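Subject: Structure handover

Hello,

Here is the structure I promised to pass on. Please look through it first, then read my notes below.

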Amino acid sequence: MDRKQNLNRSETFSFVNPMIRYFLFFFSFLFWVFSLLIVAIGVYAKVQKATDTVRDTFLIDPAVILIVVGVVMFFITFCGCIGALRENIRLLKTFSFTLTFVFLTQLAISIMGFFYSDQTRDALGKFVKKAIVHYRDDLDLQNLMDYIQKEFKCCGWNNYTDWSWNLYFNCTHENPSTERCAVPYSCCTPVPGETVVNTMCGFGVQTQKYLEANKLIFPAGCADKAVLWIESHLLLVGALALGLALPQIAGIVLSQILISQIQDEITSVL
């Protein structure tokens with residue numbers, strides 16, 4: 001009887017912990033669904049701009065960025081999801097390796113951004129300059145710039161005169177545009193009690209001095225305002241960074257544990 005019980009125990013025993021296996025599966029499945037949602041939003045936004053022919057905005061197009069991020073997330077989480085469900089070591093190793101690579105890349109970018117702040121600022125400045133240049137050409141860029149300027153209460157990258165980079169807002173005498181020397185309405189200071197947004201509130205502002213312009217718009221550049229915002233919200237920035245890092249670390253650790261358990265299971269059978 002004892003011998004039969006021992007045989008039954010050895011047959012039912014498994015090195016693979018089902019809690020770790022199914023937790024990794026549901027963890028990956030949740031982010032897999034989220035990645036599909038990101039891709040769907042990106043594709044929808046891109047289809048809505050099907051007539052857009054500006055190639056220079058491709059790399060800074062929010063829709064393209066969403067699609068790329070979503071596809072990368074889909075590939076990684078698919079490997080984790082199916083690998084955990086089928087106990088497939090190759091898929092789990094692919095999941096662990098790619099997730100580790102993404103995490104280390106993010107960490108390296110963060111460290112380089114901290115130690116090379118001037119170069120980071122220049123790189124971001126080039127991105128914003130392209131967004132300003134193509135402000136009227138790409139609706140997503142326009143909405144993104146308007147949102148940033150409203151939230152940070154700023155105008156342009158260095159200051160409000162940066163809007164001369166744009167063809168329509170350029171302040172040279174040769175510019176025939178009706179928006180010559182203007183800035184977008186998102187630069188304007190809100191008027192208390194105003195129910196209808198005055199989209200012409202920034203007309204002619206670039207011809208004014210800083211103190212004069214300050215009465216109508218937020219003349220400071222978004223670069224300085226962003227730095228001030230980060231310095232005054234360090235706890236929030238740290239929490240966001242931790243919230244981004246923890247799921248990735250959890251995925252890496254869980255996948256490595258599961259790989260080790262599956263390998264032990266295979267060894268015990270052999």
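Helices here are DSSP runs of H or I with at least four residues, strands are runs of E with at least two, and both are numbered from the N terminus. Residues 97–116 are 95% helix and 0% strand. Their end C-alpha atoms are 28 Å apart. Both spans come from UniProt, where an unreviewed entry gives "transmembrane region" at 20–44, 64–85 and 97–116. UniProt positions follow the numbering used here, feature names are shortened, and annotations may be inferred rather than shown by experiment.

Some ground rules. This is a predicted model, in which local features need pLDDT of at least 70 and side-chain atom pairs count only at pLDDT 80 or more, while totals for chains, interfaces and linings use all residues. Residues are numbered from 1 along each chain as its sequence is written, and side-chain values use heavy atoms, with hydrogens and water left out.

Aromatic rings

Rings of Phe, Tyr and Trp (its six-membered ring) pair if their centres lie within 6.5 Å; planes under 30 degrees apart are stacked, over 60 edge-to-face, and the rest tilted. That rule gives 13 aromatic pairs. One of them is Tyr160 with Tyr210, a tilted pair at 6.4 Å centre to centre and 50° between the planes. Tyr160 sits in the loop between helix H6 (139–152) and helix H7 (210–213), and Tyr210 sits in H7, so the pair ties together parts 50 residues apart in sequence. Tyr160 is buried, at 5% relative accessibility. Tyr210 is partly exposed, at 43%. The terms work like this: buried is under 20% relative accessible area, exposed is over 50%, and partly exposed is in between (1.4 Å probe, protein chains only).

Trp163 and Phe169 make an edge-to-face pair, 5.6 Å centre to centre with 90° between the planes. Trp163 is buried at 0% relative accessibility. Phe169 is buried too, at 1%.

Ring pairs also link Phe25, Phe26, Phe29, Trp32, Phe74 and Phe78 into a cluster.

Lys129 lies over the face of Trp165, 5.2 Å from the ring centre. A charge counts as over a ring if NZ of Lys or CZ of Arg is within 6 Å of the ring centre and within 35 degrees of the ring normal.

The loop between H6 and H7

Lys153 is partly exposed, at 46% relative accessibility. Cys181 is in the loop as well. Phi of Cys181 is near 70°, again positive in a residue other than glycine. Cys181 is buried, at 2%. Glu179 also lies between H6 and H7. Glu179 is buried, with a relative accessible area of 14%. From Glu179 to Gly202 is 23 residues in sequence and 9.0 Å in space, C-alpha to C-alpha.

Distances along the chain

Tyr135 is in the loop between helix H5 (117–133) and H6. Tyr135 is buried, at 1% relative accessibility. Its C-alpha is 7.8 Å from that of Met145, 10 residues away along the chain. Phe127 lies in helix H5 and is partly exposed at 30%. Phe127 and Trp157 are 30 residues apart along the chain, with 9.9 Å between their C-alpha atoms.

What about Thr77, buried or exposed? Thr77 is buried, with a relative accessible area of 7%. Its place is in helix H3 (residues 62–86). Thr77 and Phe169 are 92 residues apart in sequence and 45 Å apart in space, C-alpha to C-alpha.

The second largest pocket

This pocket has a volume of about 340 Å³. It is lined by 15 residues, and Tyr185, Cys188, Thr189, Pro190 and Val191 lie nearest its centre. On a 1 Å grid over the protein atoms alone, a pocket is an open set of points where a 1.4 Å probe fits, with protein on both sides within 12 Å along at least five of seven lines; lining residues have an atom within 4 Å of a point. Points are joined across faces, edges and corners, and the volume is the space filled by probe spheres set on them. The lining has 8 nonpolar, 3 polar and 4 charged residues. Nonpolar covers Ala, Val, Leu, Ile, Met, Phe, Trp, Tyr, Cys and Pro; charged covers Asp, Glu, Lys and Arg; the others, Gly among them, are polar.

Best wishes
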